[in-house]
Amino acid sequence: MSNRISRMIKPATGRTVMLACDHGYFMGPTRKLENPRRTIEPLIPYADTLAVTRGVLRTSVDPKWDTPILLRVSGGASILKDDLSDEEITTSMREAIRLNVASVALSIFVGTAHEKQSLVNLSKLVDEGEDYGIPVMAITAVGKELEKRDAKYLSLACRLAAELGARVVKTYYCENFSKVADGAPVPLVVAGGPKLNTEEDAFNLVYNALEEGAVGVDMGRNIWQNDNPVAMIKAIRAIVHEKATVKEAIQVFNESKKVDKQAIDTTVRD
Ligand code: R5P
């Protein structure tokens, strides 16, 4: 269990940059993730962990890549439904072990029609994970109700997840995030949510989340929906692992943009 967690949350810094690419399980071909391999491959050298479903793992992830996998194992609803909370476990622990993943992840939907179902899903998954040394990450999902992302709600949801045995919790950054982190006795990572207006907004989110107690990010759209996804993940790594400020992250982003463009130009010439 500790070894698997250490593959994701790097012992050298106690932090992690997880790359979230599991959106298709309920959103279908999300913009810029239409072809998962094309999106994932250039980013993989900079990701401490890759979050995907088994379908994307099977079709779009090279088994030679040694990035630890965080396997999304819940699902059952699609973006066409108003209520996204009606999820079950969709991938067995046996399959997770066969796929040699570092961790499994599921969403919990506190305060929804399917609250109990999702919390029991978590508890059963934790029982199985503990049997085999596979850490479970709970995701405090808000479905379409993005306004739920406040400290009162998220501290409740994160604490419930930790109490039921999640080894890591993914949540959202919010005002007074330290209240959320203080109340959850397990490592927290933050999602990015829908793409923010500027790179600086995304860097501020990451910087503030870490300052207030998160151990890293599990971020998707703010990385791969950016026109310069590699520069974006490099800048986020600088904040997470090198304690870069937002200003320094912007410099890393601008510098990487130039280098990446030169590399593309050279490849095109070749
Ligand atoms: C939702 O599909 C998943 O839990 C995502 O992995 C999560 O929302 C993180 O991705 P993003 O940074 O795009 O919100």
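A: Start at the ligand. Strand E10 (216–219) and helix H10 (221–224) each supply at least two residues of the shell around the ligand. Helices (H or I, at least four residues) and strands (E, at least two) are DSSP runs, numbered from the N terminus. This is a predicted model: local features need pLDDT of at least 70, side-chain atom pairs count only at pLDDT 80 or more, and totals for chains, interfaces and linings use all residues. Residues are numbered from 1 along each chain as its sequence is written.

Q: How many residues surround the ligand?
A: A residue is near if its C-beta atom, placed from the backbone, lies within 6 Å of the molecule. Here 13 residues surround the ligand. Ala 20, Ala 191, Gly 192, Gly 220 and Arg 221 are the closest.

Q: How do I read helix packing?
A: Two packed helices are described by the angle between their axes and the distance between the axes. Take H9 (residues 199–211) and H11: their axes come within 10 Å and cross at roughly 25°. That makes H9 roughly parallel to H11 (angles under 35 degrees count as roughly parallel).

Q: Is H11 mostly covered or exposed?
A: A residue is buried if 20 or more other C-beta atoms, placed from the backbone, lie within 10 Å of its own, and exposed if 12 or fewer. H11 is mostly covered, with eleven of its 14 residues buried. Among them are Lys 234 and Arg 237.

Q: What follows H11?
A: Lys 243 does, and its phi is positive, near 55°.

Notes. Axes are lines fitted to C-alpha atoms, for helices over the stretch in contact, and angles run from 0 to 180 degrees between N-to-C directions. Angles under 35 degrees count as roughly parallel, over 145 as roughly antiparallel, 65 to 115 as roughly perpendicular and the rest as oblique.
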